[in-house]
Amino acid sequence: MTIDQLDARLIALLAGEPKLGVLECSRRLGVARGTVQARLDRLTARGVITGFGPDIAPAALGYDVTAFVTLQIRQVSGHDPVADQLAAIPQVLEVHTITGGDDMHCRVVARSNADLQRVIDLIVDVRGVVRTSSVIALDTPVPYRVLPLVADVPRQGKS
């Protein structure tokens, strides 16, 4: 199992209050400071915790439009060269290689629909991109989340 109940409680605590220090976490969890530090070190080393940075709302930076762009690419040299070029576009937040009729799926942001067209044009200009298809997100009723998974892992281990 990747995490236990204490790990799950620690992750949930830090997700709710990311500025908490190790000492305060230990007090709230009722365990030694060294235990909390060791758990954090282990969770980070194993790739369970991937960062402690602030979550940024693109809309607060003026990027009010979120869209998903699906790409078909020339697969002569693989996905990596295309992904590297997409990573150079600041408005491209995520890129995934996918199965099915298309090859890649991107989450992008833009300041307006006209700006989205500019971002899509930048994507189309990427060497290796053959075709794109895009959809605009109207709302995000369930934002990106992982805490339900964190809470479920220790429960799954008890079955």
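Predicted model: local features only at pLDDT ≥ 70, side-chain atom pairs only at ≥ 80, totals over all residues.
I began with helix 2, where V22, C25, S26 and L29 are buried (buried is under 20% relative accessible area, exposed over 50%, partly exposed in between, with a 1.4 Å probe and protein chains only). Seen down the axis of helix 2, these buried residues fall within an arc of 100°, so they line one face of the helix; the arc is that of the directions from the helix axis to the C-beta atoms.

Residues are numbered from 1 along each chain as its sequence is written, and side-chain values use heavy atoms, with hydrogens and water left out.

Next I looked at the other side of helix 2. The face turned away from its buried side carries the exposed residues L23 and R27. The cover over the buried residues of helix 2 includes helix 1 and helix 3 (contact means heavy atoms within 4.5 Å). After helix 2 comes G30, with a positive phi near 75°. Helices here are DSSP runs of H or I, at least four residues, and strands are runs of E, at least two, numbered from the N terminus.

Then I checked helix 3 for length. Its 13 residues (33-45) should span 18 Å at 1.5 Å a residue, and the end C-alpha atoms are 18 Å apart, which agrees; the expected span is 1.5 Å times one less than the number of residues.

Which residues of helix 3 are buried? I found V36, R39, L40 and L43. Down the axis of helix 3 they fall within an arc of 100°, so they too line one face. They pack against helix 1 (5-16) and helix 2 (22-29). Just after helix 3, G47 takes a positive phi of about 80°.

I also picked out T35, which is in helix 3. At 30% relative accessibility T35 counts as partly exposed. Its C-alpha atom is separated by 48 Å from that of V126, 91 residues apart along the chain.

Last, I looked at a charge over a ring: R111 lies over the face of Y63, at 4.2 Å from the ring centre. My cut-offs were NZ of Lys or CZ of Arg within 6 Å of the ring centre and within 35 degrees of the ring normal.
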